[in-house]
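This report describes salt bridges and a pocket in a predicted protein model. The sequence and structure are shown first.

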Amino acid sequence: MNITYKSIKKLGAALGIACLVSISSCSEEEYLQQIPPTQLSYSDIFSTPARIEGLVNGIYASLKGSNFYGGRLLLFLDVRGEDFINTTANSFTGYDAWAHSYNSSSADILNVWSTGYTTINRANFVIEGLAANPGVVDETTAAGYVAEAKFLRALSYFTLVTIFARPYAENDGASPGLPLRLQAETTSENNNLARSTVAQVYSQILQDLDDAEANLPDEYASALLNTTRAHRNTAIALKTRVYLNQGNWNAVIAEARKIVPQTAAPFSATTGVAHALQSDIVETLTNNFTTAESIFSMPFTNLDNLSGQSALGYLYNGNSEYFLNPAGILGSAQWAEGDDRWGLLRFNATNGRYYLSKYGRDAPFLRYIPVIRYAEVLLNYAEAAAETGDFVLARGLLEAVHHRSDPDYVFPVSATATRGALVASIETERRIELLGEGFRSNDLLRRLYTIPEKVGPSFSASAVPPAAENYIWPMSNDEILTNNLISD
């Protein structure tokens, strides 16, 4: 059997299976820049350590695609919320996400679904191939590669299930979820697969992350690899996010304690990579991308970056297609003028608008895109602590994140005195700290909040209550057409 670069129709996605393969090993700066051969015999794919390493790198490359964690997806997820105003009504740059007007045939829907399942299939390919070809790499290396594949599969499934399926909190995950594909596909033979429930998808995600935690390395030989490849703490950090989505507060706390063992500031990880908040948030996000705060990021170089309508820096800032909504987080009293995070915005004196400058303004766009940061883990932990009644710890975690950027700010007593007030303050802090990093849509949906309306000078978007059909995205039409067991 030969695997070529001709795409096949699978899961509604064009999966170029042989694009999984790269035969060159990589330096740290090059490992996401694999150049595939024209054709490779299936029996040869796992024949050398270099080829296996290339396959693993190919999963990361897919995750970093322009329609997934390398670019536009994060914008789609943030502009669904209330903190940005659209100025162009351009369907190529996320207007349909902003306006909640997607249909199953929308290009963004097709592309996100396709890229997510391509990443999953590449992970499945590595997991199966290593099991079928023992001894090519040593057992520890093979176990590490499988663990990386499982982490990336878990992240991809979590992303898709929180976009395309009803929120877990609605009925403890009893709603239809996604086709749960756990075997590598090289043909369209197994297209037909019924949807698993949301709970079943979450169960698989958590199983993958537990397996990944057990076999990922504690750390790598450099800060670059600790930032751009999954290690043990990466899996733990993602578990805090997944459990937060389930409202499983005790599990969030149990996972967070592994990498946030202290009960008072300063908080830092004491096993594996020594994660900790950095003193300068602007430097951390705009220049020094491989600090101990960066748990997992998408890297870019002069030879490997996105441009134009795929680049977040261009969409938010270079082309000024989205400005900060004055009625959104920009107007929050919790985000005071002395806060360093104002340094991640650009003010246009001509029109009086603020634009997100976190990802730069001019090409080439080389700033890393953060996927998981230590600040998020602290806020996940804070929310779970508040929900379980540990207000002292929750306030300490919240203040650690906020005071890093604004040490003079004092939270009003009313903002932290009760569970509801403290959770609301933590939610506001997430909107400030994680602005533009793809969290807002899920933070609304996981608590079944109405997506607020947005009113701009040219375009407006109505509020979307949880019962509305467009509260979640429609399933890809490609999947509907090629999977006879699916139901939309």
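The predicted model holds 33 salt bridges. One of them joins the side chains of glutamate 82 and arginine 440, with an N to O distance of 2.8 Å. Glutamate 82 sits in the loop between helix 2 (72-79) and strand 5 (84-86), while arginine 440 belongs to helix 15 (residues 440-445), so the pair ties together parts that are 358 residues apart in sequence. Glutamate 82 counts as buried because its relative accessibility is 9%, under the 20% limit. Arginine 440 is likewise buried, at 12%.

Aspartate 443, also in helix 15, forms a salt bridge with arginine 430, the closest N and O atoms being 2.8 Å apart. Arginine 430 lies in helix 14 (residues 419-433), and this pair links distant parts of the chain, 13 residues apart. Relative accessible area is 3% for arginine 430 and 8% for aspartate 443; both residues are buried. Aspartate 443 also pairs with arginine 446, at 3.0 Å between the closest N and O atoms, and arginine 446 is buried as well.

## A salt-bridge network

Salt bridges link Glu293, Asp339, Arg341, Lys358, Arg373, Arg404, Glu429, Glu433 and Glu437 in a network.

## The largest pocket

The largest pocket has a volume of about 420 Å³. Its lining comprises 20 residues, of which Glu469, Ile472, Trp473, Pro474 and Met475 lie nearest the centre. By class, the lining residues divide into 10 nonpolar, 4 polar and 6 charged.

Technical notes
Residues are numbered from 1 along each chain as its sequence is written. This is a predicted model: local features need pLDDT of at least 70, side-chain atom pairs count only at pLDDT 80 or more; totals for chains, interfaces and linings use all residues. Side-chain values use heavy atoms; hydrogens and water are left out. On a 1 Å grid over the protein atoms alone, a cavity is a set of points where a 1.4 Å probe fits but cannot get out, and a pocket is an open set with protein on both sides within 12 Å along at least five of seven lines; lining residues have an atom within 4 Å of a point. Grid points are joined across faces, edges and corners, and a volume is the space filled by probe spheres set on the points. Ala, Val, Leu, Ile, Met, Phe, Trp, Tyr, Cys and Pro count as nonpolar, Asp, Glu, Lys and Arg as charged, and the others, Gly among them, as polar. A salt bridge is a side-chain nitrogen of Lys or Arg within 4 Å of a carboxyl oxygen of Asp or Glu. Helices (H or I, at least four residues) and strands (E, at least two) are DSSP runs, numbered from the N terminus. Buried means under 20% relative accessible area, exposed over 50%, partly exposed in between (1.4 Å probe, protein chains only).
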